Amino acid sequence: MPVLTASRLAKSYGALDVFDNVSVEIPHGAKIALVGSNGIGKTTLLNVLIKAEEPSAGVVSHMKGLRIGFLPQRPDLIAHHALWEEMLTAFTDLRAREARLHALAEQMSDPSHPDLEVLIERYGREEHQFELDGGYTYEMRTRQVLQGLGFAPEDATMPLAHLSGGQQTRALLARLLLESPDLLVLDEPTNHLDINAVEWLESFLKAWPGAMLAVSHDRYFMDNVITTIWEMEWGGVEVYRGNYSHYVRQRAERHERLRKEYEAQQEFIAKEEDYIRRNIAGQNTAQAKGRLRRLERLKRDRLIARPRRQHHIRVNLKADLRSGDKVLMTYGLVAGYERERPLVTVPDITLYRGEAAALIGPNGIGKTTLLKT
């Protein structure tokens, strides 16, 4: 049984139909990306699938006991917690069992306890299960996840209220990964990650055994992690097998096939209508009426809709005057807000006309400050 199944879903807000007749399923261990243009309804579909919103029609079914971890674009965290304290909420049950083991150990330290053998047997049983469930490694795993997502060790004591919006999103993502839900639902998970954190997240998710549904515009992330693409277009969802590159190729092939099928059907309809028009009142009137009935059934039941195309913006950015060859130059540049402790010291660089440069580095190192400078 899949972890999630949706049948004939529709969602409307008044006269606005966001999507209609959507039927999808998420198998165990699936890595799925939901793609589509901005504003088409991807986040709305996510909310309906996790039952945060009710559909206007259709049914969403969850596996019994399904645990969902949801990363929205705007996280809601407990503001008075510190970062480390927030991470430990992922292990509430494990830490309660750890406290019980400490209490049992305290009781066992009294050799005159009347039920000592019972306590020893119980401690051994619970301690074994505690170890199997990661009771001795959860703090190490927490440090690994925080480091992987770009947090420094000194950030552990920082109150969540003092974190930036991007840092709060990363904190929630870290907690969700530590919780190990059956289904991760992620809305733009790489938005606030630097290159190192994205690479770490890709490795983590590829090895992770649970199912995942992600909205993303990061085609490299989708190529490295995703195995199924859901394309949301014109109010419906089309499913493609493979990563993003496979999806792009399959989509082009599908659109070309639909175009040819549509044109062939239109050509057939035109020929049939011409025959009917010429013969409906002549000697072949019986054949013409038979063809008319078949044509009417075709138009009613099997008419192929005209394939629709996405419109792309075309912008002419040509200038009347050609720019110089050296577009940008720096000499002895130091960027930052404090003279004694600058953020960035820049070697002399020159950006030439027609070149495309990328400025990369960890979060908080000063990339935006350098760009503004």
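Before I look at any residue, I need the cut-off: buried means under 20% relative accessible area, and exposed means over 50%. I also note that I'm working with a predicted model.

**Entry 1: Arg254**

Is Arg254 buried or exposed? I looked it up, and the relative accessible area is 18%, which is under 20%, so I log Arg254 as buried. I find Arg254 in helix H9, which covers residues 244-279. Next I checked what the side chain does. A polar contact of 3.2 Å links it to the side chain of Glu238. Setting aside neighbours within four places in sequence, I get Glu238 and Tyr240 as the residues in contact with Arg254.

**Entry 2: the six-stranded sheet**

I traced an open sheet of six strands, and I read its order as E5-E6-E7-E3-E8-E9, with mixed pairing. Which strands stand at the edges? They are E5 (68-71) and E9 (236-241), and each has a single partner strand, so one side of each is left without a neighbour in the sheet.

Then I picked one pair to follow. E3 (residues 31-35) and E7 (residues 211-215) run parallel and are joined by four bridges. For Leu34, I found Val215 in E7 as the bridge partner. Helix H6 (residues 165-179) packs on this sheet, where I see it touching E5 and strand E6 (183-187). The direction of H6 makes about 165 degrees with that of E5.

A reminder to myself on pairing: strands of a sheet pair through backbone hydrogen bonds, either parallel or antiparallel.

**Entry 3: the three-stranded sheet**

I went on to an open sheet of three strands, ordered E2-E1-E4 and antiparallel in its pairing. The edge strands here are E2 (16-26) and E4 (57-62); each has a single partner strand, so one side of each lacks a neighbour in the sheet. From one strand to the next, I get a twist of 20 degrees on average.

How many bridges pair E1 with E2? I have seven, in the antiparallel sense, with E1 spanning residues 4-13. Within that pair, Leu4 stands opposite Ile26 in E2, and Tyr13 has Leu16 of E2 as its bridge partner. I also noted that E1 and E2 form a hairpin with two residues between them. Gly14 sits in that turn, and I logged its positive phi of about 65 degrees.

On to E4: I find five bridges pairing it with E1, again in the antiparallel sense. Ala6 stands opposite Val60 in E4. Helix H1 (residues 42-49) lies across E1, E2 and E4, and I get about 125 degrees for its run relative to E1.

**Entry 4: the largest pocket**

I looked up the volume of the largest pocket and got about 1100 Å³. It is lined by 35 residues, and the closest to its centre are Glu233, Trp234, His255, Arg308 and Gln310.

Which element gives the most to the lining of the largest pocket? It is H9, with 12 residues, and that brings me back to the helix that holds Arg254. I also wrote down helix H8 (219-225), strand E8 (228-233) and E9, which, like H9, each supply at least two residues of the lining.

Key
Residues numbered from 1 in each chain as written. Predicted model: local features only at pLDDT ≥ 70, side-chain atom pairs only at ≥ 80, totals over all residues. Heavy atoms only, no water. Buried < 20%, exposed > 50% of the residue type's maximum accessible area, 1.4 Å probe, protein only. Polar contact = N/O pair within 3.5 Å; in protein donor to acceptor, adjacent residues only side chain to side chain. Contact = heavy atoms within 4.5 Å. Pairing = 2+ DSSP bridges. Axes fitted to C-alpha atoms, helices over the stretch in contact; angles between N-to-C directions. 1 Å grid on protein atoms, 1.4 Å probe; cavity = no way out; pocket = protein on both sides within 12 Å on 5 of 7 lines; lining within 4 Å. Points joined across faces, edges and corners; volume = space filled by probe spheres on them.
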